[in-house]
Every structure is written in structure tokens, then in C-alpha cells.
Amino acid sequence: MDQRHIVVTSHGFETEGCVLRFYLFALLIGVVAGSRTFTAPAAVSWGARFQWLHLSATPLGFLGTLAAPFILTLLAIGELIIDKLPNTPSRKAPTGFVARIVSGAFCGAALSLAGGGALGGLIAGGVGAVVGTLGFSEVRARLAKAFGGRDLPAALIEDACAIAAAVGIVAATR
């Protein structure tokens, strides 16, 4: 006989299995941030705006305001464009790497606030960003090589994967 224990928190969420699920989402959104710094926060902000993420009573409630998703989406679009320019520094350069970790940690904390705890999500998101930064750098280099040394097709594939993953991860938290 299945003896599951379900605990309802003060927010009304069931906690069995829920905490680990939110930490997994935090890790995955961090991987997205490792690929595209602003795509992850843009998706999280849209999730808060559509009330898929219940952040209104938290310190990150500003993500659900009318302006935040639009501003973050404009930053994400700008990043997608700048990434294709020939003089764009490596994502593994200190400034870019740190920005990706901060973005991943921030988004991980936002996703886990509703189901677990911000600290665990912050850590998971930061770890995911490191994995995503290093992993996507390698994947993109190999894709570019497969395209005969052309980086643009590889970059566009990476863009599509990051956007689709970000939307899917945030939608799955509903």
C-alpha cells in the first residue's frame, strides 16, 4: 500500500516531491541563463506576469509588473543580436561568466520561492548557469565546426534551444 505523506504549507502548496521539482527547475533555468543571460529572466518575468509563478507577495514580486517582462525581453533580444557580432567577447570571459551565474541564481531563486526555498533555488540556478555556460560553449563550437566553421547557424540553433527551454521550464512550474 502506498503510504504517501502530504504536507500543506502556509501557502497551500503540497511539499512532497514539490521541493525537489522546483530545485530541478531552478537548475534547468540556470542552464538556460548559461546559454543566454537575459532569456531566462525574461521567461521568468513573463511567468510571473501570467501568474504561473506566484511571486507577488515576495521580494521578487516586481518581476510580475507590467513593465518588467517587456524590459527583460528587450534586453534578451539585444543580447541575441549582440551575440552574433564579431567582436563579442567569449561567454567564458569573467564579466560574462559572472553575469550568467548571477542571472541563473536569480532565476533559480524566483522559481523555487513558490515551492521550496529561495536559497536552494539560488544555489541550483547558479550551478546550472556554470554548467550551461561551459556546456553550451562546447556545443556551439562543435556545431560551428559541423557547419564548416560558420558560427551563425550554430548561434541561431542555440538561441532557439534557449528560448524553447526557458518557456518550457517556466510553463512547467504552473
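Q: What is the handedness of the crossing of H1 and H5?
A: H1 and H5 form a right-handed crossing, meaning that the near helix is turned clockwise from the far one by less than a right angle, anticlockwise being left-handed. Helices here are DSSP runs of H or I with at least four residues, numbered from the N terminus.

Q: What sort of model is this?
A: The model is predicted, so local features need pLDDT of at least 70 and side-chain atom pairs count only at pLDDT 80 or more, while totals for chains, interfaces and linings use all residues. Residues are numbered from 1 along each chain as its sequence is written, and side-chain values use heavy atoms, with hydrogens and water left out.

Q: At what angle do the axes of H1 and H5 cross?
A: The axis of H1 (residues 18–35) comes within 6 Å of that of H5, and the two cross at roughly 40°. Axes are lines fitted to C-alpha atoms over the stretch in contact, with angles from 0 to 180 degrees between N-to-C directions.

Q: Which residues of H1 and H5 meet?
A: On the H1 side they include Tyr-23, Gly-30 and Gly-34, and on the H5 side they include Gly-121, Gly-128 and Phe-136. Contact means heavy atoms within 4.5 Å. The residues of this contact of H1 with H5 comprise 9 nonpolar, 9 polar and no charged. Ala, Val, Leu, Ile, Met, Phe, Trp, Tyr, Cys and Pro count as nonpolar, Asp, Glu, Lys and Arg as charged, and the others, Gly among them, as polar.

Q: And H1 with H6, at what angle do they cross?
A: Their axes come within 9 Å and cross at roughly 160°. That makes H1 roughly antiparallel to H6. The H1 and H6 crossing is left-handed. Among the residues in contact are Arg-21, Phe-25 and Ile-29 of H1, together with Glu-158, Ala-165 and Ile-169 of H6. By class, the contact of H1 with H6 has 10 nonpolar, 1 polar and 2 charged residues.

Q: How does H2 pass H6?
A: H2 passes H6 in a right-handed crossing, with axes that come within 9 Å and cross at roughly 35°. Thr-39, Ala-43, Val-44 and Gly-47 in H2 meet residues of H6 that include Ile-163 and Val-167. The contact of H2 with H6 divides into 7 nonpolar, 2 polar and no charged residues.

Q: Changing topic, which helices supply the lining of the second largest pocket?
A: H2 (39–49), H3 and H6 (151–172) each supply at least two residues of that lining. The largest share, 5 residues, comes from H2.

Notes: Angles under 35 degrees count as roughly parallel, over 145 as roughly antiparallel, 65 to 115 as roughly perpendicular and the rest as oblique.
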